[in-house]
Amino acid sequence: MKYCPSVPDGILPHNRSVEQRRIKIMKINADMLEGIVVTIIGFIILTTSILLPENPIRFEGWLGVVVQAGFIPTILSLIIIIFGFKLILSNRTPAAVKRATTEKADRGAAIRIAAVLGLTTIYVVLLGIINFSLLSLFYFIIIISYLKFSEKGWKSNWVSVFLKIVLISITFALIVAYLLPYMLRLQVP
Amino acid sequence: MFGMYSELLYLPQEILTLISSPPLWGMLIIGVVMGYVIGVLPGLGPTMGMALMLGIVFRVPVDLGLALLIGILVSSMGTGGITASMINIPGTAAAAATCMDGYAMTKKGMGREAVGLVIFASAIGTVLGIILILLIQPFIFSIALKFGDWEVFLFCLFGIMICGSLSSDQPIKGWIAGILGLFFAMVGIDEVQSVPRFTFGSQSLLQGIDVVAALLGLFGVSEVFFVLKDKQSYAISAGSGWPTAPFKTIKKNISNIIRSLLAGMWVGFIPGVGESTACWFSYDLAKRYSKEKGMFGKGSAEGILAAEVADNSSSVGALIPALSLGIPGSATTAIFLAAMFLMGFRPGPTLLLDSPGILCKISVLFLMATFMTVAVSYLLSPFTIKFLSIPNEYLMPLIAGFCVLGAWGSGFLVFTVVIMLIFGIIGFVMKLRNYPVAPMVLGLLIGNIMDVHFRRAFIQYSTEPLGLLMRPFGVVVIVILIVLFILGLKTERR
C-alpha cells in the first residue's frame, strides 16, 4: 500500500478542475481530522481508565489486573487509538482519495442545523424553569416559523402562514404538554 | 422431546386471554396505525417509533405495553415497502431493496399489485417466522442454557464485530461506534465490585447513562436534525388504488418465499446486523436463483417478495438472540429488549423459566399485529399519499417534543433530557460522517453484560486460565472473530 505525504498529481486526475481538486483535498483533510479526533478520544478514555480506583477486593497476580474495573475500558481505549491511527493513515491512500467526493458543503444546511440544534438546546435547558406547556408552545412556534420562513414564497401571504403555524403549534403543545401526560399519568417538568 | 416444547402448552391460554381483551385490541390498533404512519413516512423508522414509546410502555400493564410495541414494530416493518413502491423512497431503511422493483412496477402502471405484494410478503414473512421460532425455540434455549460466562462474553464480542463489519462499508467505523457504545455502557457503578467508573464526581452519572434517553437521542433527535438538514425534496405522484396480490404470482414464488424467509431469519439472528442487511442479502439471493434475472430492477415480483419477506422475517429472527441470550439481533430488537427490561422481564437463558408463557404471548401478539397490519394497510394504502404530504417542518419538531417528553418520563430529571440531547448530537455527527448507529446501540445494551461476564469467567478459571480458552464454543468463536477482523481490514483496504 502506498502512502502519500501530500496529494500529488499522480493520484488526482489532471482533467479535474482546480476547484474540484481543492474540495477533494479539503475532504481528505476532514477525514484525517476525524481520525485525529478518534485517536484523542481513545487517549482520553485510556487516561480516565488508568486513573480509576482499584477494586476493594484484590486478587493476586495477573488475575488482580484482569478483573479490575478499568481493565476492559483500557483495552477498548487502546483499540480505539489503533483504529484512530488507522483512519489517519488510510485516508492518504488512493482508495480513500477516490472515495472522497467533490460536493461542496451546503452552507444553508449548516445554518439550518445550527438553528434547530440551538433552539432545541434552549428548550431543554429551560425545562423546569419555565412552564412546560408555555415553553413547548414557544418552541414549536419559533422552530416551525424558522423552518417555514427559510423557504421561498411566503412573503405574499405571511399572515395566513403565521396564523397556521400558531394554530399547529398550539395543537402540538396541547398534545405534548397535556394530552400525552394525561393519558400516561406523567408529571411534566 | 415433549418436555422441550412445554412452553407451547401456554399457547391456548395466551390466545384466549389476548384475543378476548378489548383494551388489548385497542392498544394494538393504536400501535398498528402509529406503525403504519411511521413506516410510510420517510425519515421516521420503527426504531424511532418504538424508542418514543419507551417512556410510556412501562407505565401501562405489561400486555398493553407489549401490544403497543409489537404493533408499531410489525406495522412499520411491513409498510416501509409501500412508500418504496409509490415514490421510490423507502419508508424504512429495511425497505430499500423494495425500491428496485416496487417503483419500477408502479411506473408500469401496476402500483396496486406492487403494494399488494408488499403487504402480502410482509405478512407471510412475519407469520412463518413466528411459527419457525416456536418450533426451534427449545433447541435455542437449551443451547443458551449451556452458555457460561466466557461464551456470553465471546458472543457479545462477536455481535459487536459482525455488527460493525456489516453495518458500514468501512468496518473500522462500525467497530469504533460499537466500542464507544461499550464504553458508554460502563459509565456508572461497576456491577462486579461497585467501583464508580467515568462519573467524574457527578451524582447523576452514578446510575449510568439512561438507555432510554440515549436511544431517544440516537434514533429520535439525531434523525430530526438529519432530516431537517435538507429541505424536503421528493415528488409525490398520484395514489395507487386498492392493493391486489395475484395468487398466480404467489404460487410461482413459493421457493423464493421460503428461501427469503430463511435468509431473513439467519441475518436477523446475527446480533446487531438488522433488517436493512437482510433485505439486500435476500434480494441478491433471489436474483442469483431466478430464472428471469433480467427482470430484476424492472418490476420483478420475485424481487419485491424476496426483499419484503426477508425484511420482516429478520425482525422476527432478531428475537432469537434477544430472548434467549439478552443480546439484540437488530436495533429495533434492542429497543424491544430495553422495553422488556423496563417491564420487569429478564431476557436470557432463564427467561422461559422466570416468565413461563412469555414466548407464546409475544408470538400471539405478533400474529395479531400482522393480521391487523394487513387490514390497516389494505384500507389506508390508497390514502397514503396524504400522509406523505405532511411537511417535515411540522412533523420533525413534534417528534423532537415527543423525544423530550419520553426522556423526561424515563428519569424525571432534566439531566436525562440533557443526555438525550447529547446523544442526539452524537448520533447526528455519526450519520454525517457515515458511522453506523446500530453498533453503538448494541454496545450500549451489552457493554455491562460483556464486562461482567468477562471478569466472572476469569475469576471462575483463576486456577487454570488456559482451560477457559480451550472451551469448544469459545475456540470456534475466537477463530470466527479473527477471520472477521482480517476480512474487515481487507474491506478497508479496497
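The talk below covers a helix pair in chain B and the interface of chain B with chain A, in a predicted model.

Trainee: Why is helix 9 of chain B called roughly antiparallel to helix 15 of chain B?

Mentor: Look at the crossing angle. The axes of helix 9 (residues 211–229) and helix 15 (residues 331–342) of chain B cross at roughly 155°. Angles over 145 degrees count as roughly antiparallel. Therefore helix 9 of chain B is roughly antiparallel to helix 15 of chain B. Their axes come within 11 Å, and the crossing is left-handed.

Trainee: Which residues make the contact between helix 9 and helix 15 of chain B?

Mentor: Helix 9 of chain B supplies B:Val211, B:Val212, B:Leu215 and B:Phe219. From helix 15 of chain B come B:Ala331, B:Ile335, B:Ala338 and B:Leu342.

Trainee: What makes residues of this contact nonpolar?

Mentor: Their residue type. Ala, Val, Leu, Ile and Phe are among those that count as nonpolar. The contact of helix 9 with helix 15 of chain B therefore divides into eight nonpolar, no polar and no charged residues.

Trainee: Now the interface. What do chain B and chain A bury between them?

Mentor: About 5,700 Å², with 77% of it on carbon and sulfur atoms. B:Gln193, B:Tyr394 and B:Leu405 supply 13% of the area that chain B buries against chain A, more than any other three residues. In contact are 56 residues of chain B and 65 residues of chain A.

Trainee: Why is the pair B:Arg433 and A:Glu34 called a salt bridge?

Mentor: Check the distance. The closest N and O atoms are 2.6 Å apart. The cut-off is within 4 Å, so the pair B:Arg433 and A:Glu34 qualifies. The count between chain B and chain A is three salt bridges.

How values were computed. Residues are numbered from 1 along each chain as its sequence is written. Chains are lettered from A and ligands numbered from 1 in the order in which they are written. This is a predicted model: local features need pLDDT of at least 70, side-chain atom pairs count only at pLDDT 80 or more; totals for chains, interfaces and linings use all residues. Side-chain values use heavy atoms; hydrogens and water are left out. Axes are lines fitted to C-alpha atoms, for helices over the stretch in contact, and angles run from 0 to 180 degrees between N-to-C directions. Helices (H or I, at least four residues) and strands (E, at least two) are DSSP runs, numbered from the N terminus. Angles under 35 degrees count as roughly parallel, over 145 as roughly antiparallel, 65 to 115 as roughly perpendicular and the rest as oblique. A crossing is left-handed if the near helix is turned anticlockwise from the far one by less than a right angle, and right-handed if clockwise. Contact means heavy atoms within 4.5 Å. Buried area is the accessible area (1.4 Å probe) that two parts lose on being put together, summed over both. A salt bridge is a side-chain nitrogen of Lys or Arg within 4 Å of a carboxyl oxygen of Asp or Glu.
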